[in-house]
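This report describes the chains of one assembly, the contact between two of them and the core. The sequence and structure are shown first.

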Amino acid sequence: MPDAAAARPPGAGALERRDALLGMALIAPTILVLGAVIVYPLLSAIYLSFFSIYTPTLEGHFVGLANYRDLLGSGGFWSALVTTAIWTVGTLTLQILVGVGMALLLHQNILFRSLARGLVLFPYFLSTVVAVLVWRWLFNDLYGILNQMLMNAGIIAAPVNWLGAMPNAMLSIMVVGAWKFFPFVVIAVLARLQTIPESLYEAARIDGAGPVSRFFDVTLPQLRDVLTIVILLRTVWDFKEFDLIYLMTGGGPVNGTRTLPLIVYNQAFGLNQMGMAAAYAVSMMLVMLVFMLAYLRRANARSEADSAA
Amino acid sequence: MTTRRPNLLASLIAWPLVLIIAFPLAWMLLTSIKPAAELFTRTPQWLPRSITFEHYTRVLTETPFLQYFGNSMILAISTTVLVILVSVLGAYSLVRFRYRGRETLAALVLFTYLLPSVVLISPLYLMLVKVGLANTLASLVAAYMSFALPYALWLLRSFMAGIPEDLESAAMVDGASRMGAFVDVVLPQALPGIISTALFTFILAWNEYLYALVLVNSDEARPLTTGVMNMLISAFNIEWSLLMAASVMMSIPLVILFAFFQRYLTSSFGAGGVKG
Amino acid sequence: MNQPERNPLRRPVTRRDTLRVLAGSGAAAAAALTAGCGSKDERTTLRWWSPQASPDQLKAYKAQIAAFEAANPTIRVVFEATSDEGYPAQFATAFAARQLPNLVTHLPSFAAQQYYAEGLLEPVDDVIKAIGIDRYFAGANEVYRTSDKHYCATGIGNTAADMLWYRKDLLAAAGITAPPATWDELRSAARKMQRDGIYGAALPYGMNAMTSLIFIGFIHRAGGQVFSPDLQVAIDSQPTYDALAFFQSMREFCPTGASNFSWGESLTAFVSGSTATGIYSGRVLANVAAQNPAIADAIGCTTYPTMSRDIPAWTYNDFPCLLIPKGAPHLAETKAFAASLYQPQLYAQQMHAAPGHVLPVLRAVADDGFYRANPLITRYAAEVDLMTKAATAGHNLGQETAAHKPNLKANEIIASNAIAELVQRVVLNKENPKAAVAATAVRLAELMRA
C-alpha cells in the first residue's frame, strides 16, 4: 500500500507514538462495531460447519469433517463452483466495462446531466425482488415486451426462451446482474473522475495527445486505485449473490445457473441442514480468500512498482 | 470540467444508453397507471389505453405503506450517518497514521465479507435477542453497519489516499491540530468519496431483504422491502398492479433525491485549492 | 451550500455544527430505532403470522381481530405478514431464538407435520373441539393426525391447486363437446386448440416448487405414487414413466418459456388468454375478473384428467392450516382466538378475500347463503362447489393417500427440487428416463434418511 506519511519531520519519535495512538483510536469504532456484530456470527458459522444441525432447533451432533468430505466428494460443489465462476466473471466484466464507460460519459457536460445520473443509478435503487419480477415479465415469451419489440424489429422470428434454456439463462442473468449492479461502479468511478486535476489533461493536450491516449495515459492510471477496490468488492459481492439468481431462474434449467450461494441457502432453510450449509459457506469463503489475497498481493506489487518507477 | 458548453456528442451517445437502462423503470411506471384489465394483453402494449391512479391510492390507503416508508427512511438515514462517521475516521486512520497491524486490520475488515450472509443470520439473531434488540430497527442498523463498514472503509481509504498531504501539513504548520486539519482540509476534499459511500450505504439499507425478513416481524419496525413483498407477493398470486405502484413509490423518491445530491460529487467541491 | 459554483467551501463546517446536528438527530433516531421493543400496552398481546396478506385479506383479518378484541377487551391481537418464500428462514430463527408468534395460519399441512414431529408445535385438539369437529367436512382434519394421536394443526381453508381450467369457447371452436377427462383427450384437445398464437396448455417445467408439486399429481393420475404408504420410495415404477412421457408430449403445447414457469406465469398464461387450458386453483376466477373480463364467461374447470378413466382423480391441496407454536405465551387465549376465527360470518368474509382460492373447511359455511352471495362465488357456483369437493378429497406429498403415513420430510423434498430436476432432465435435456428416475429415487431415499 502506498506509504502515506512519506515526509515526516525529523526526530519526531514522541509525536509519532502519540499519533499512532490517535490513529488506533480512530479505527477503534470500526473494530468495535464489526467485532460486536460480525465476529461472533462468523465464528459461530465456522464452528457449526463441523456439526450436523437441524435448522429450526439449531440442535445437532458433532460430525467433524464429514460435511466437508461429502461436499468435496459430491461433485455438486465443484460444478457449482464453475458455474459461480462463470457467472462472476461474466457479470463483473460487463459491470466494469459499462460502469467505467457510463461514468466517463456522465462526467462530460451533457444535456440534463443530473437527470441522466439519477436515472442511471435507478437499477441499483430498485429492490432485487422487484427488479427480478419486472425482468421476468419483460422476458416472458407470451406477454413480455422484449420479445415483442425484437419481433417487430425483425431481429427474431419467434419468441426467445430467455430464462428456460441454456446458454440463454446464464447470459440473461449476467446481463440483468450487470444492469442491476453497474451503478456501483459508475458512482465510485465518477466520484474519482471529479478529483482528477484538469492540469493533467492540459499537459497531455499540450503534448499533442488525442482523447484515446489521454484516457489511457491520464485517466486510467488515476482510476487505478478506485478500480482496484471496486473490482475486488464487486467480485466478492457477485460471487455471493443469491437473490437475483434464485428468483430469476431458481438455478435452472437443471443446474445451469445453480451457483454456490443457492446451494448454501437451500441447505440452510430448504433442507434444514445448517451444518452442511455452513460447510459450503466456509468453502466459498476459502475460495474467495485465496482470490482476495492473490489479488491484493498483485495490486500491491503493481502500485509499488509504479511508485518506484 | 470547466467548460460550460454542453457536449453534444457525449449527449448523443449517453442519452440512448440511459434510456435503455431506465427502460424497466418506464415499464414499471406505465404498468402502475394501467387498469388491471390491461396488464397482460396478448400483444403487450407500452401505453395504457386509460390511465388510473387507483393502485397508488390503494397502496397508500389500504396498506401500512407509509408506515413502512417511514421506517425505511429512519433505518437508511441512521445507518448511513453512523457508517459515514465510523468509516471516515477509520479510513483516515488507515491512510495517515502508522501503527502496528494496520494493514492486517484493513485486510481483516474485508475478511468479514467472505462468508455468505445466509449462515450468519441465525447466530446474529440469537445474539440480538440476548441483547434485547430483537424486532427493532436498531437490530437492522447494527446488521447493516456491519455490511457497509468494510466497503465504506476501503472506498474512503482509496479516496483519501489520493489527497496529497501538502495542505494538511500546511495547516498544521499554521497551528491547527491533527484533527483540526482533518476536518478543515481532508474532509472537504474527500467529499465526493463520502457522498458516494453515503449513497451506497443508503441504498443497501433501503433495499436489503433477507435480514429485514428475519430480524424484524412487527409492522411498527418493518421496513418497505419486506413490508411490500410480504403483502403483495405470495406463492399463488402476485398483486401486480399494486406491486408496480408500490415499487415506483419506493424508487422514484430516491432517484429525485440522488439527482439532487449528485451535484455534490462535482469537482468544485473536490479539488478546490489543489494544484497538480 | 447554495452556490457551489461560487466559493468552494471556504468556511469549513465547524465541529460544533456537526456535533449539534448529530446530537439532535441521534436522540430522535434512538427513539425511533427502538420503537419495536417493548409494548407499552398492558393488554395481553397475541401475534398472528400468515403469508397470505393481500390488502383484501388484511381487511378480513382486521374484522376478525376487531370482533375478538371487542369480546375480550384484555387481549390485543397483532397481525404480522410473513412470506411464502421466506417463512422457513423466519421460522427457523424464530424457533431457535424463542421469539415465537402465538398463531400461524396458511402454512401447508406438511410444514405443520414436520414442525410437530420436531416438538415445535402445540396440539390443537382443544381448538378443534371448541370449533366442533362435526362442523368440518368429513375427514377434513385427518391430514393433521399425528403418530401420537393428536392433531398438529387444523385447516383454515382448502385449496384445489391443480384444477384443469379450460376455455369453453375454444373447445367449442375446435369441435370438442365435453372437457377432456383422460390424458389422450387432453392432448388431442390441446393440439386442436393450439393455433393463432394460442397454446394448448400452461404446464410448468421450471426449476421450482410448482413443478415438483404439480408433477407429483401427475404421478398419481397415472396410478402411481412417490412413496408407498409406509414411506418407502416408490417412484421408480411404470406410472412415473407414463407421467414423464405425458409431460414430455405436452411440452410442444406449452409456451416456449414454460421451462421457467412458476405459479405466477402459469396463472397469467391462462388468465391472459394465451393458453387454452390452465392448471391452477380458484385464483383464476378473481384474476380473470380483474385482468381479462372478456373471457370471464368462457372459463370453466374440472378435476384434472387422469391417464385413463379407471384411475380416480387426485387433487393437490396444500391444506393451508392453522398451527400454534409451542412455547409461545398465553396458550389459552391463543386457542380461544383460534376458535373465534371460525365464527361463520367472519370466516366467510375471510374466504371472500380470496374467492374460490381459499375454500371453506366448514360444511355449513360452504352451503351458507352469506358465503355464496359473493359475486364471484355466485357467478361460478358450479366451479366453486366442484373445487370445494375436490379440495376436501385432496392430498399432497405430506400424505399422498388416506392410507399413507404422514411424510415428515415432504417440505425438504420439495425444497430440494429433486422432482423438478427429474422433470427437467427428462423433458428438457432428453435424458434417459430410467437413469433419471433411478437417480431421483436414490436422492429421495437420502432425503428421507437425513
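## Conventions

Helices (H or I, at least four residues) and strands (E, at least two) are DSSP runs, numbered from the N terminus. The model is predicted: local features need pLDDT of at least 70, side-chain atom pairs count only at pLDDT 80 or more, and totals for chains, interfaces and linings use all residues. Residues are numbered from 1 along each chain as its sequence is written, while chains are lettered from A and ligands numbered from 1 in the order in which they are written.

## Chain A

Chain A contains 12 helices and two strands. Read from the N terminus, its elements follow the order α-β-β-α-α-α-α-α-α-α-α-α-α-α. The C-alpha trace of chain A spans about 65 × 60 × 30 Å along its principal axes. Of its 309 residues, 49% count as buried; a residue is buried if 20 or more other C-beta atoms, placed from the backbone, lie within 10 Å of its own, exposed if 12 or fewer, and partly exposed in between. Two residues are in contact if their C-beta atoms, placed from the backbone, lie within 7 Å. Among the contacts in chain A between residues at least 6 apart in sequence, 68% join residues at least 24 apart.

Helix α3 (residues 76-107) of chain A holds T93(A). This residue is exposed because 12 other C-beta atoms lie within 10 Å.

## Contact between chains A and B

Chain B contributes 93 residues to the contact and chain A contributes 86 residues. On the side of chain B that touches chain A, helix α7 (residues 137-161) of chain B supplies the largest share, 11 residues. By class, that side of chain B has 62 nonpolar, 25 polar and six charged residues. Here Ala, Val, Leu, Ile, Met, Phe, Trp, Tyr, Cys and Pro count as nonpolar, Asp, Glu, Lys and Arg as charged, and the others, Gly among them, as polar.

## Chain C and its domains

Chain C has 20 helices and nine strands, and its C-alpha trace spans about 80 × 70 × 50 Å along the principal axes. Of its 450 residues, 54% count as buried. Residues 24 or more positions apart make up 75% of the contacts in chain C with a separation of 6 or more.

An automatic or database domain assignment gives the domain bounds: domain 1 of chain C covers 44-159 + 317-392, and domain 2 covers 163-316 + 416-449. The contact between them takes 14 residues from domain 1 of chain C and 14 residues from domain 2 of chain C. Helix α17 (residues 381-392) of chain C provides the largest share of the domain 1 side, six residues. That side comprises nine nonpolar, four polar and one charged residues.

## Buried sites and the nonpolar core

G217(C) is found in helix α8 (residues 209-221) of chain C. It counts as buried because 24 C-beta neighbours lie inside 10 Å. Leaving aside neighbours within four places in sequence, G217(C) is in contact with D162(C), Y304(C), W314(C) and Y316(C).

A nonpolar core is a set of buried Ala, Val, Leu, Ile, Met, Phe, Trp, Tyr and Cys residues joined through C-beta atoms within 7 Å. The largest such core has 333 residues, of which A281(A), A112(C) and L323(C) touch the most other members. Its largest share, 19 residues, comes from α7(B). Beyond four places in sequence, the contacts of A112(C) include L107(C), L121(C), Y144(C), C152(C) and L323(C).
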